[in-house]
Amino acid sequence: MAKAKAKAADKAEAPALSLAPSHREGMEVSIGVSHAVQLARAEAIAAYPITPQTHIVEHLSSMVANGMLEAEFVNVESEHSAMSTCIGMSAAGARTYTATSSQGLALMFEILFIASAMRFPIVMTVANRALSGPLSIWNDHGDIMAAKDIGWIQVFVKNGQEAFDHSVMAFKIAETPSVLLPMIVNLDGFILSHVVEALEMLDQETVDKFLPPYVPQHILDPRNPVTMGAFAMPEIYTEVKMNHQVTLTNAAVRIAEVWDEWGQLTGRHYKPVESFMTEGAEILLLTMGCLTEVAEVAVEEMRASGLPVGLISIRQWRPFPFAALREAVGDAQLLIVCDRALSLGGAAPPVLAEVRSALYTQAQRPDTVSFIIGLGGRDVAPEAFHEIVAKAQAEIKSGPTQEYHLYGVRG
């Protein structure tokens, strides 16, 4: 009895973590993202419908029309126009949002560089989808990997809660005066965008305290004219690009600060590279996006059978988390990198290229084996990761046979 009272006293003296009030609600992840944008009080939205992101902006347009969100919603004739309009709205000082996917992102491509170079803190959701041809509406990462070097902050989420959380946090990160860069939240099309999950939703008062109103640093105002997007001679172009590079790299500090603040608010903590069952692991799988949760199931099964396998996943894609990745890899002997995009004509797919670059200077680095999985929405079950690990182990013993393996390809 005395021990029980002592334990109770210890608990009473320990300060309880006070988390923000929330309520759990089941909804389609796309709708959850639109509610996050609503809670963030986006002031200007320009969008064009494209599967599988349409439900996000469709729901936002309904909320604007019904008076649930006080914002300008501009129906445009293409994704190129959507991003051009977002640039104009952001230049005028509005908190700006859009969403796209696949061919829509490709059509925006020209304008994406302008948004980041002009330091407009636009937030965009990309519901990742395979690029044509052949025509596919299903999920892989080919669209965003073609746009990896556009100068935007980019993160990947693995479930609906992460999609909701990052859709709010993105505005706070992007709008920081020392950052002022646009940000993309990548979520897997259909596999994630169209599923129904139980989400912990925050109230408006809580989000308002977390995310203050946007105060633009420079705006287009006829009363105080400024020049934006001016012509640059060769004598200054390099310095401008270097400034962009330094700002994007340094944004990692602000991302970590906002993630920490969100963790204290909600109890949900995020890192640039996440680790799962990596303690004592000699073999590591590396994934991005929602297939991470599929891989977690496989890792648990392999660990139960005595195989020393762990999992790391990259959340912060840009700026690339070099130091965090090196720390997460640790002393692993074999690293199996799972890409969801093919670098046509290249030796290494996109994620593998980044990972090998990050590890190149390490005196002790693991053997790396590359698998490209889930192209065009092809199903990847936990059993696939069992097979991938077995094939990678066999390859290391016999010696590499090819630069990468296209898992599950027939013929």
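Keep in mind that this is a predicted model.

**Exercise 1.** Find where Glu175 sits, decide whether Glu175 is buried or exposed, and find which side chain joins that of Glu175 in a polar contact.

*Solution.* Start with the location: Glu175 lies in the loop between helix 7 and strand 7 (183-188). Next, check accessibility. Glu175 comes out at 9%, and the cut-off for buried is under 20%, so Glu175 counts as buried. Now look for a partner: the side chains of Glu175 and Arg95 make a polar contact of 2.8 Å. Finally, skip the neighbours within four places in sequence, and the contacts of Glu175 are Arg95, Pro121, Leu180, Leu211 and Tyr214.

**Exercise 2.** Work out how many disulfides the structure holds, then check Cys290 and Cys338.

*Solution.* The count is zero. Take Cys290: its nearest cysteine sulfur belongs to Cys338, 13 Å away. A disulfide needs the two sulfurs within 2.5 Å, so Cys290 is in no disulfide. Run it from the other end and Cys338 has Cys290 as its nearest cysteine sulfur, again at 13 Å. As for accessibility, Cys290 is buried at 8% relative accessible area, and Cys338 is buried at 5%.

**Exercise 3.** Pick out which residues touch the most other members of the largest nonpolar core, and which helix gives the most to this core.

*Solution.* This core has 54 residues, and the ones to pick are Leu60, Tyr97, Ile153, Phe210 and Trp262. Then go by helix: helix 7 (residues 160-174) gives the most, with eight residues.

Technical notes: Residues numbered from 1 in each chain as written. Predicted model: local features only at pLDDT ≥ 70, side-chain atom pairs only at ≥ 80, totals over all residues. Heavy atoms only, no water. Core = buried A, V, L, I, M, F, W, Y, C linked by side-chain atoms within 4.5 Å. Buried < 20%, exposed > 50% of the residue type's maximum accessible area, 1.4 Å probe, protein only. Helix = DSSP H or I, 4+ residues; strand = E, 2+ residues; numbered from the N terminus. Polar contact = N/O pair within 3.5 Å; in protein donor to acceptor, adjacent residues only side chain to side chain. Contact = heavy atoms within 4.5 Å.
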